[in-house]
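Here is a walk through one model, contact by contact. Keep the coordinates open and follow along.

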Amino acid sequence: MAATGKNTPPLAYVRFGENPLRRIPQLFIGLALYGFSLSVMVRASLGVNPWSVLYEGLENYTPLSFGAISAVLGVLVLLTWIPLKQKPTFGTIANIIVLAFSSDLGLSLIPEDLGLPVRIMLLIGGIVLNGLSISIYVGARFGPGPRDGLMTGASATSGKSIRLIRTLIEITVLIIGWLLGGSVGVGTVLYALCVGPVTQFCLPWFAYRAADERRPAAEAAPAVA
């Protein structure tokens, strides 16, 4: 994922062997928090993000858990990378596995049928935690997850903007999930409006800077004759 604005730090893939003791824990913490944030929004029962709508919808038709469905769909989405000439990374595989376990763990820990005030707090907290967790695991720079790779690959292949491709994917997933019985509500809209700004705000705190990006500007600048 490349930087998209002047205030966005570098986010392109950094090779696995560079500072792994700093980056691997960050990756796993971010992914675990992301999966947990999905379960928080599910238990809020006020509407979830588009992919979670699809996971919930499929739960109505399969014996699989929420997390297991996310993992199966992650693998299926990964297959779409082949014609897009995308290559999975360590971060891609970790994304599939950790999200599945952490979201199911969260659902087992958070009770159902909570009162409305608690559900509102869960929704707000879940969205904030989701945006924070995205900035943490993306900032580790181990490569995109399956869904982000689909977005960037489709954008590169079609020549269309990432914004357009992302919007089309999210709308498609949302409609399918809704038709299957997934929960769409105020939380879905609030998530769409808020998660981007939260992520953007938090990214500078967690984005790893590669060795060549940490060089002083004077060293990186070309000599002037």
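Rings of Phe, Tyr and Trp (for Trp, its six-membered ring) pair if their centres lie within 6.5 Å; planes under 30 degrees apart count as stacked, over 60 as edge-to-face, and the rest as tilted. A search of the whole structure finds eight aromatic pairs. In one of them, the ring centres of Phe16 and Phe90 are 5.1 Å apart and the planes stand at 75 degrees, so this pair is edge-to-face.

Before going on, two notes on the basis. This is a predicted model: local features need pLDDT of at least 70, side-chain atom pairs count only at pLDDT 80 or more, and totals for chains, interfaces and linings use all residues. Residues are numbered from 1 along each chain as its sequence is written, and side-chain values use heavy atoms, with hydrogens and water left out. Helices (H or I, at least four residues) and strands (E, at least two) are DSSP runs, numbered from the N terminus.

Phe16 has a relative accessible area of 38%, so it is partly exposed. Phe90 is partly exposed as well, at 34%.

Phe16 has another ring partner. With Phe142 it forms a tilted pair, 5.8 Å centre to centre and with 55 degrees between the planes. Phe16 lies in the segment before α1 and Phe142 in the loop between α6 (116-139) and α7 (146-158), so the pair ties together parts that are 126 residues apart in sequence. Phe142 counts as buried because its relative accessibility is 1%. Ring pairs link Phe16, Phe28, Phe90 and Phe142 into a cluster.

Charges come next. A charge sits over a ring if NZ of Lys or CZ of Arg is within 6 Å of the ring centre and within 35 degrees of the ring normal. Phe142 meets such a charge: the charged end of Arg23 sits over its ring, 4.0 Å from the centre. Arg147 does likewise with Trp51, its charged end lying 5.3 Å from the ring centre.

Phi of Arg141 is near 60 degrees, a positive value in a residue other than glycine. Arg141 is buried, at 3% relative accessibility. Ser45 also has a positive phi, about 55 degrees, although it is not a glycine. Its place is the loop between α1 and α2 (50-59). Ser45 is partly exposed, with a relative accessibility of 46%.

Now the salt bridges. A salt bridge is a side-chain nitrogen of Lys or Arg within 4 Å of a carboxyl oxygen of Asp or Glu. By this rule the count is two. Arg166 bridges to Asp148, with the closest N and O atoms 3.3 Å apart. This pair links distant parts of the chain: Arg166 in helix α8 (residues 162-179) and Asp148 in helix α7, 18 residues apart. Arg166 also bridges to Glu170, where the closest N and O atoms are 2.9 Å apart. Arg166 and Glu170 both lie in helix α8, four residues apart, about one turn of the helix. Shared partners join Asp148, Arg166 and Glu170 into one network. Arg166 is partly exposed at 34%. Asp148 is buried at 13%, and Glu170 is buried at 17%.

Finally, helix packing. Axes are lines fitted to C-alpha atoms, for helices over the stretch in contact, and angles run from 0 to 180 degrees between N-to-C directions. Angles under 35 degrees count as roughly parallel, over 145 as roughly antiparallel, 65 to 115 as roughly perpendicular, and the rest as oblique. α1 and α6 pack at about 160 degrees, with their axes 8 Å apart. That makes α1 roughly antiparallel to α6. The axes of α6 and helix α9 (residues 186-206) come within 7 Å and cross at roughly 40 degrees. That makes α6 oblique to α9.

Definitions and conventions
Buried < 20%, exposed > 50% of the residue type's maximum accessible area, 1.4 Å probe, protein only.
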